[in-house]
Amino acid sequence: MTTTIPRLANLCEQCRVLEFDDSDWPGAYQAGSAGEGYYLEISKENDDPHRLNLDYFLLDSLPELPWLSDTADSGCDFCAILKKSIQKYARDCFAEVLVSLFYQWYPFGNNLGDGRRPIGLKSLLAQLLWIGYDENGQHLSRSTWLHFGIDSPHPSDPCARWLRLESSPRDDVLCTENVRMVLDNLKSSSHIRPFTKGAVYPTRLIDVGDDGASSCRLVETSSDATFAQSSQVPYAALSYCWGPPEDIVRQFKTEKGSLDDRLRSFELQEVSPILRDAILAARVLGVRYLWMDAVCIVQDDVEDWDRESSLMSLVFQNAAMTICTPASTSCQEGFLARDWIMTRIRFKSNINECVSGSYIVRLVGEVNNRFHASVECLSFALNHSNWALRGWVLQEYELSQRVVIFGRSKLHVVTGKGTQSEANEVTQLLDRAHGDRYLQQGAAGYNPYINWITLVEDYSARRLTHRTDKLPAISGLASRSLRAHSSTFLAGHLFLHIDLFWTAALSQTSLRLTRAALLDGLKSRRSYVAPSWSWASRNHPIEFGDRRFSVFEDLGPGITEECDIVRASTSLAGSNPFGGVKDGSLVIHTSTVPLSITVEPLGSVGSDHKVWRANEAGGYVADLSFDWNLFEDEESFKELSLVLIGSRKAEENLSWDPVQLVYEHEVKDEGPEGTSVVRFGMMDTWVAAGVPGHSRLGLSEDRIIYGVLPHRERGHFRVGDGEIIDGQQASRHFKEGVAGGSTNQDHDVGKGYRSDTADTHRGTGEKNLNSHGTTSESPPDNDEERYAYGIIVHPASEPGKYIRVGAFHSVPREFGGLDYFRSYQKQTLEII
């Protein structure tokens, strides 16, 4: 075993702040005892005990970085590694970079007894503000963080204990100690091979050959004698990132024209770096056969790809181990090399003068969120690495029984018994360690439908090289967890009166989407993925519900189907019932409300997220969530309609508190008269309680919303001039005064598609759904308050057809709630 220890860093005057003084940190004190050892702790009076800012700011020019070059040439070791790290991630469009530094600490061990957890030094972060101009001369800026991990090659020395440092990784990821750790964990865990569809092995596997061999070959398991003689031949599966298009086109792969060559043999030196490292790892770990999609699936054979992608549950669940590669970002990048960019920083405590030593600072990579650098290395690999954000990886990891994870800084092995990390003898069971989050059919309280919904929300935030993989990339998980629903599975949906209510979580992304761009994408047939009503039609995160309302808060008798599904169908793109589709349609008969009523935005404190409200005659109707987030100054919504899908029983203590907005320039130290200043993270949490939709609630051009405060006692609302009544009376007052007049209006949403009987035709590859498999309740009691929810539609190019462009929910206050929507005539329309 070898762990390289770099020399102590020579630091320039500006970089000496890295040798921080722990006594200058507010709230820092000595904790522990002589028996257990002393360590640094921060008192609860410190508002941010996980961040120690350093007095370091630097503005330098790209790409040469002349300031850092000068100081590095003068002998500063940290300036040298900072320069190298910045240049590694620099983009051509940026001309300057502004750098600041801070130390990031992380929770360590168990609670201290007062709700806090002790802390350990985790990372040094260089916050980078990239500054430049685009091709049109427009100003560009972007913030990222360089993540330098901190560790100690001597875990037992006083400095490591005082700062609670992690141990250093080894120079060779496949050193004897690491290989022994992996093999011991695999040996002590069980591997159950459940045969799928009568098959035992994938169609093809790579024979990696003996250690030191220069060639490999592809084998077809159905005709190879080794696999015919035994059902227990172990193989490894590879989970990796394909990378950007320029890397993918150069990837070593199998196509129709090269299949025979691959079956004969191929040289190790001609394969992609990711495959070369996987072959080397498999040989060292004693596994003769390896599955990799690019080689084991014929990439230009549509039928072969469709068949093999439908067998993913077999490939990964039956593998003796899955090799996962968060250390790599592309098929052209291996995962075994450890060429550290690192240096070593001195440390001497001024709180405990007996503590002195040093720690290693080594580049881990670039992150887009500083909090991703505060988690331990396995959690980072499983949640925040480029590998973890790849769409196919979700089912590859979750279906695997045992995985070996090659992280950026350490090696990990995960089995059903727990996880063990390199240079760490403590084995622990993590929530995300074992791949069974969505497959626990035997567990108490298991609900396959809820698990599927959770899976889809997770999956929707992940990246895919090809949009058309949206459904195939989770078809393996779907076939395992929803096998009883294959005949009613419609483009990712099961129970339409529930899961049609999803919202576009665009605030989680940097995507800026106009209504025109949204419609163009949904109308295009060039890269069709799913019908517009399916979450799979979107290339961004989605949520089932929104931050203010969710159907899934009550999946019992409180949910009622308020629409009649005349027909729901999809045409499969292949033979996989959970795979891609080439068409889809939903014909629905329900109450429909044209958005000719007033629509206004409400601003969200602390972000550019807008909450939209529909109002009628000054009274609230519904909260709206659109599938686009770039709006015109005078955006018109008159083409749109609200389509009722279902209702949910309202909470008994549902409140409807009026609020006032408090603006930044109006805030005094003591707060507005008669109130105390309260800061809330999001205005949405108050909007959810029912903010009446008045124009005064909009954002002003020259005023910044500071927060929201209750305006009067709970349960009262002002109606007209001076009249104050309770919340329930207010709701009835509005309905009796205005809503009653709309009962007999004819709200035409278009000719639509009308059918008095369900279409029972089943063509080749087409699925029709005449019943959701759920039973609608009888209409609820008239006195029962109920939320209403549904989708927002826009006319399609074809007359009588519509495209889904949003979702809504309606709180039973003022005009809102189920009664309002029932007052409108039902229409039949087709959503494509």
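This is a predicted model: local features need pLDDT of at least 70, side-chain atom pairs count only at pLDDT 80 or more; totals for chains, interfaces and linings use all residues.
Trainee: Why is Asp-819 called partly exposed?

Mentor: Asp-819 has a relative accessibility of 44%, and because buried means under 20% and exposed over 50%, Asp-819 counts as partly exposed. Asp-819 belongs to helix 20, which covers residues 818–822, and its C-alpha is 8.2 Å from that of Arg-786, a residue 33 positions away in sequence.

Trainee: How do you know whether Tyr-103 is buried or exposed, and what about Tyr-359?

Mentor: The relative accessible area of Tyr-103 is 0%, and for Tyr-359 the value is 0% as well; because buried means under 20%, Tyr-103 is buried and Tyr-359 is buried.

Trainee: What makes the pair of Phe-549 and Tyr-787 tilted?

Mentor: The centres of these two rings, Phe-549 and Tyr-787, are 4.9 Å apart, with 45° between the planes; because stacked needs planes under 30 degrees apart and edge-to-face needs over 60, this pair is tilted. Phe-549 lies in the loop between strand 20 (542–543) and strand 21 (559–561), whereas Tyr-787 lies in strand 33 (residues 786–795), so the pair ties together parts that are 238 residues apart in sequence. Both Phe-549 and Tyr-787 are buried.

Trainee: Which residues form one aromatic cluster with Tyr-103 and Tyr-359?

Mentor: The cluster holds Phe-20, Trp-25, Tyr-103, Trp-105, Phe-347 and Tyr-359.

Trainee: How do you know that Glu-41 and Arg-164 form a salt bridge?

Mentor: The closest N and O atoms of Glu-41 and Arg-164 are 3.7 Å apart, and because the cut-off is within 4 Å, the contact counts as one of the 29 salt bridges found in the whole structure. Glu-41 lies in strand 2 (residues 37–42) and Arg-164 in the loop between helix 3 (158–163) and strand 7 (166–167), so the pair ties together parts that are 123 residues apart in sequence. Both residues, Glu-41 and Arg-164, are buried. Arg-164 also lies over the face of Tyr-39, at 3.7 Å from the ring centre.

Trainee: Why does the salt bridge of Arg-338 and Glu-422 tie together separate parts of the sequence?

Mentor: The closest N and O atoms of Arg-338 and Glu-422 are 2.8 Å apart. Arg-338 lies in the loop between strand 13 (321–324) and strand 14 (342–348), and Glu-422 in the loop between strand 18 (418–421) and helix 14 (448–460), so the pair ties together parts that are 84 residues apart in sequence. Arg-338 counts as buried at 13% relative accessibility, and Glu-422 counts as buried at 0%. Elsewhere, salt bridges that share partners join Arg-204, Glu-220, Asp-304, Arg-307 and Glu-308 into one network.

Trainee: What makes strand 5 mostly covered, and which strands pair with strand 5?

Mentor: In strand 5 (residues 119–133), 12 of its 15 residues are buried. Because strands pair if there are at least two bridges between them, the 13 bridges with strand 4 qualify, in the antiparallel sense, and so do the 11 antiparallel bridges with strand 6 (residues 139–152). Strand 5 and strand 6 form a hairpin with 5 residues between them, and Gly-137 in the turn has a positive phi of about 80°.

Conventions: Residues are numbered from 1 along each chain as its sequence is written. Side-chain values use heavy atoms; hydrogens and water are left out. Helices (H or I, at least four residues) and strands (E, at least two) are DSSP runs, numbered from the N terminus. Buried means under 20% relative accessible area, exposed over 50%, partly exposed in between (1.4 Å probe, protein chains only). Rings of Phe, Tyr and Trp (its six-membered ring) pair if their centres lie within 6.5 Å; planes under 30 degrees apart count as stacked, over 60 as edge-to-face and the rest as tilted. A charge sits over a ring if NZ of Lys or CZ of Arg is within 6 Å of the ring centre and within 35 degrees of the ring normal. A salt bridge is a side-chain nitrogen of Lys or Arg within 4 Å of a carboxyl oxygen of Asp or Glu.
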